[in-house]
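Follow each turn with the sequence and the structure in view.

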Amino acid sequence: MKFTGTDSYVATDDLKVAVNAAATLRRPLLIKGEPGTGKTVLAEEVARAFGVELIEWHIKSTTKAQQGLYEYDAVSRLRDSQLGDERVKDIRNYIRKGKLWEAFASEKLPVLLIDEIDKADIEFPNDLLLELDRMEFHVYETGETIKATHRPIVMITSNNEKELPDAFLRRCFFHYIQFPDADTMAEIVDVHFPGIQKSLVREALTIFYDMRDVPGVKKKPSTSELLDWLKLLMTEELPLEVLKSRDPNKLIPPLHGALLKNEQDIHLFERLAFMNKRRG
């Protein structure tokens, strides 16, 4: 199997190499990059390209590694035993399978996405070292060992909120998604909005990259936010002249709420507009 991108996902050559290398080695593919650069969507597109099931495990700050394997519901078993329920005789009735168990037990090769692993506790990656390396784990309550029927393609995303342990990194194939240049971004836009007015895209991309280049921006607008902004521009049918305007007093573009997501950045652009006005 070779990943060459899909009709709805523009993959650079180095990203294709990384996906195919990880799939060949059956090593977890650790994907980093700015938020909104398509890390999570990549796993969906890889599964679609390979024609396999996608199993998603979205990590939160409270997620524990054990939850990915299984959870034993002792409280429910105790309650049922007090009620005289026959189910208590089989402890398997109180074991909930986690996402890794689902992936290991899958009859066909799956893609397993562990999304935003850096949100969890610092020990979370270390707690999965052996399971991801050996593709098996032990269920202590039943005494059985769960082994992967097919070694899944594991894709792990991170937004760099925390440093990951070296022992974990050694077991991964790593790729950093560089922010798309203007030409690649134009391809991405064309995939999402086929037939969009080229002059609109050209002006929008100029404004978008200018905003990203402004020193001091706390959160640079991302690819997904650009796509939202373009959708709004088309829906509102704003005249192209509004975007073409280079009035220094109007540094904040129309519908900027799709691009600027905090008050500090809005105030920054307002101050820049005020300073330009005074210079004028």
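**Reading the model, feature by feature**

Q: How many salt bridges does a search of the whole structure find?

A: The search finds 15 salt bridges. A salt bridge is a side-chain nitrogen of Lys or Arg within 4 Å of a carboxyl oxygen of Asp or Glu. The general idea is that side chains of opposite charge can pair when their charged atoms come close. This is a predicted model, where local features need pLDDT of at least 70, side-chain atom pairs count only at pLDDT 80 or more, and totals for chains, interfaces and linings use all residues. Residues are numbered from 1 along each chain as its sequence is written, and side-chain values use heavy atoms, with hydrogens and water left out.

Q: Which residue meets D13 in a salt bridge?

A: K16 does, at 3.9 Å from N to O. Both sit in helix α1, three residues apart, so about one helical turn separates them. Helices (H or I, at least four residues) and strands (E, at least two) are DSSP runs, numbered from the N terminus.

Q: Are K16 and D13 buried or exposed?

A: Start with the scale: buried means under 20% relative accessible area, exposed over 50%, and partly exposed in between (1.4 Å probe, protein chains only). K16 has 22%, so K16 is partly exposed. D13 has 59% and counts as exposed.

Q: Which residue pairs with R87 in a salt bridge?

A: D80 is the partner, at 3.3 Å from N to O. D80 is buried, because its relative accessible area is 7%. R87 is partly exposed at 37%.

Q: What links D90 and R92?

A: Their side chains meet in a salt bridge of 3.8 Å, N to O. D90 is partly exposed at 32%. R92 is partly exposed too, with 48%. Elsewhere, salt bridges that share partners join D7, E45 and R48 into one network.

Q: How do I read the packing of two helices, such as α1 and α2?

A: Look at the axes and the angle. Axes are lines fitted to C-alpha atoms, for helices over the stretch in contact, and angles run from 0 to 180 degrees between N-to-C directions. Helix α1 covers residues 13-25 and helix α2 covers residues 39-50; they pack at about 65 degrees, with their axes 13 Å apart. That makes α1 roughly perpendicular to α2. The cut-offs are these: under 35 degrees is roughly parallel, over 145 roughly antiparallel, 65 to 115 roughly perpendicular, and the rest oblique.

Q: What is the handedness of the α1 and α2 crossing?

A: α1 passes α2 in a right-handed crossing. A crossing is left-handed if the near helix is turned anticlockwise from the far one by less than a right angle, and right-handed if clockwise.

Q: At what angle do α9 and α10 cross?

A: The angle is roughly 135 degrees, and the axes come within 11 Å. Helix α9 spans residues 198-213. The two helices are therefore oblique to each other. α9 passes α10 in a right-handed crossing.

Q: What about α8 and α10?

A: Helix α8 (residues 182-192) packs against α10 at about 50 degrees, with the axes 11 Å apart. That makes α8 oblique to α10. Their crossing is right-handed.

Q: Which residues form a nonpolar patch on the surface?

A: L232, L238, V242 and L255 form it, with about 270 Å² of accessible area together. Patches are made of residues with over 30% relative accessible area and no salt bridge; like charges are joined within 9 Å, nonpolar side chains (Val, Leu, Ile, Met, Phe, Trp, Tyr) within 5 Å. Accessible areas come from the Shrake-Rupley method with a 1.4 Å probe; for residues, only the protein chains shown count as cover. L232 lies in helix α10, residues 223-236. L232 is partly exposed at 35%.

Q: What is phi of L255?

A: It is near 60 degrees, a positive value in a residue other than glycine. As a general idea, most residues other than glycine have a negative phi. L255 is in the loop between α11 (240-244) and α12 (263-279). At 33%, L255 is partly exposed.

Q: Where does M135 lie?

A: M135 lies in the loop between α6 (129-134) and β6 (136-139). M135 also has a positive phi, about 55 degrees, although it is not a glycine. M135 is buried, at 4% relative accessibility.
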